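Hello,

Here is the structure I promised to pass on. Please have a look, then read my notes below.

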Amino acid sequence: MGLVRLADTPLRGLNTFGIDARARLLWRLESLDDLPQLHQALRDDARSGHPQPPLVLGGGSNLLIADDPQQPIVQMALRGIRIVGDDGKSVIVQAAAGEAWDPLIRWTLSQGLAGLENLALIPGTVGAAPIQNIGAYGVELRDCFESLDAINLVSGTARSFSADDCAFGYRDSVFKHADGENWLVTSVRLRLSRTADLKLDYGEIRAELTDAHIVAPTPTNVADAVSRIRRRKLPDPAVIGNAGSFFKNPLIETELAAALSAREPGLPCWPSGGQVKVSAAWMIERCGFKGMRVGDAGVHERHALVLVNHGHARGSDILALARQIRGAVETRFGIRLEAEPMVVGAAQL
Ligand code: EPU
């Protein structure tokens with residue numbers, strides 16, 4: 001297939017926010033055999049004085065492009081899913097980084113493998129999943145993560161990362177920090193189970209199963225239930241541009257959460273590793289932003305944590321609205337929200 005090189009190329013179809021930016025230079029990596037060529041091309045680009053490091057693009061579902069990126073873009077398009085280990089109880093599935101996440105889940109379910117069902121319908125690719133330790137409905141990627149392979153785009157070295165190496169946290173991993181920069185994830189291995197240990201306690205999963213008259217759910221039933229809940233609550237990026245939750249739910253100290261709850265009755269709080277996670281959506285809604293629209297940048301009408309592009313918003317329009325929201329939440333609640341998606345460009349939140 002070869003390494004595909006595209007100059008001055010539109011990015012609108014490559015980011016789920018639907019931001020109409022352009023890439024100076026983009027390489028699409030379709031085969032591992034092309035890595036040496038990609039590495040050389042990146043070195044040449046750096047020598048010509050262009051800004052680095054390269055930006056790795058998967059499904060573009062966790063990204064806000066604030067300006068036209070001047071650094072080169074590597075679009076991950078490696079494909080392939082296979083079973084690489086089986087001890088009769090657990091099975092290791094290896095998926096190439098360019099595979100789409102939800103179809104991977106459906107493939108594992110079709111093989112009778114449980115573990116990923118609560119993570120159904122999360123947009124994006126396999127390679128992006130460990131970067132922010134994707135999570136939903138009481139499960140995170142780290143719960144079934146085995147290891148991953150990556151290539152350093154600057155040095156050209158290849159290595160595997162264990163779960164410990166990845167340093168997973170809430171929507172966080174080593175790859176979001178300076179010491180994990182420049183790694184291109186090429187494949188991810190997941191440890192799945194032939195016997196289901198279903199996690200049904202989060203949110204509306206049980207109610208959704210009951211409504212569907214399911215008393216003894218299978219992993220596929222759970223994936224279907226989660227998918228229905230997500231479709232109801234979250235906007236489909238194919239219909240209206242968005243990157244899922246725009247802010248993380250803040251983690252605060254227990255005493256602060258107690259004081260805040262006394263002042264703001266109804267604030268949803270969940271204990272989390274010795275701290276308390278508070279609902280960013282609730283705070284944003286209380287500040288009056290739910291359903292708000294400023295030009296084509298808006299806050300979704302069904303979920304206050306999701307910023308949307310109603311058509312032709314620029315990245316800077318979304319960023320301006322995000323700053324307004326962050327300021328209002330900080331003034332009322334004394335908590336500074338953090339963006340969940342990566343912001344590309346000179347301007348940051
Ligand atoms: N809520 C509001 N107003 C709203 C929406 C929600 O007050 O407009 C309240 C709800 O009443 C509920 C609470 O906020 O008590 C939590 O809402 P929800 O269950 O929708 O979850 P979330 O905390 O907003 C997180 C993840 C989602 C994930 C869901 C389900 C983050 C940043 N987001 O959202 O992940 O799907 O839980 O597990 O942790 C994503 O990361 O892009 C994402 C969509």
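How many Å separate the centres of domain 1 and domain 2, taken over C-alpha atoms? The figure is 25 Å. Bear in mind that this is a predicted model.

First, the layout. The chain splits into domain 1 (3-76), domain 2 (81-233) and domain 3 (241-344).

Now the interface of domain 1 and domain 2. Contact involves 15 residues of domain 1 and 16 residues of domain 2. The two domains bury about 1100 Å² between them. Carbon and sulfur atoms give 74% of that area. On the domain 1 side, Leu35, His39 and Met76 stand out: they supply 39% of the area that domain 1 buries against domain 2, more than any other three residues.

Polar links are there too. The rule finds three residue pairs in polar contact across this interface, but zero salt bridges.

Which elements give two or more residues to the side of domain 1 that touches domain 2? They are α1 (35-47) and β5 (73-76). Helix α1 gives the most, with four residues. By class, this side of domain 1 has 10 nonpolar, five polar and no charged residues.

Last, a sheet. Three strands form an open sheet in the order β14-β16-β15, with antiparallel pairing. β14 (251-252) and β15 (269-272) each have a single partner strand, so they stand at the edges and one side of each is left without a neighbour in the sheet. Two bridges join β14 to β16 (residues 275-278). In one of the pairings, Leu251 has Lys277 of β16 as its bridge partner.

Best wishes

Notes:
Residues numbered from 1 in each chain as written. Predicted model: local features only at pLDDT ≥ 70, side-chain atom pairs only at ≥ 80, totals over all residues. Heavy atoms only, no water. Pairing = 2+ DSSP bridges. Domains from an automatic or database assignment. Contact = heavy atoms within 4.5 Å. Buried area = accessible area lost by both parts, 1.4 Å probe. Salt bridge = Lys/Arg side-chain N within 4 Å of Asp/Glu carboxyl O. Polar contact = N/O pair within 3.5 Å; in protein donor to acceptor, adjacent residues only side chain to side chain. Nonpolar A, V, L, I, M, F, W, Y, C, P; charged D, E, K, R; others polar.
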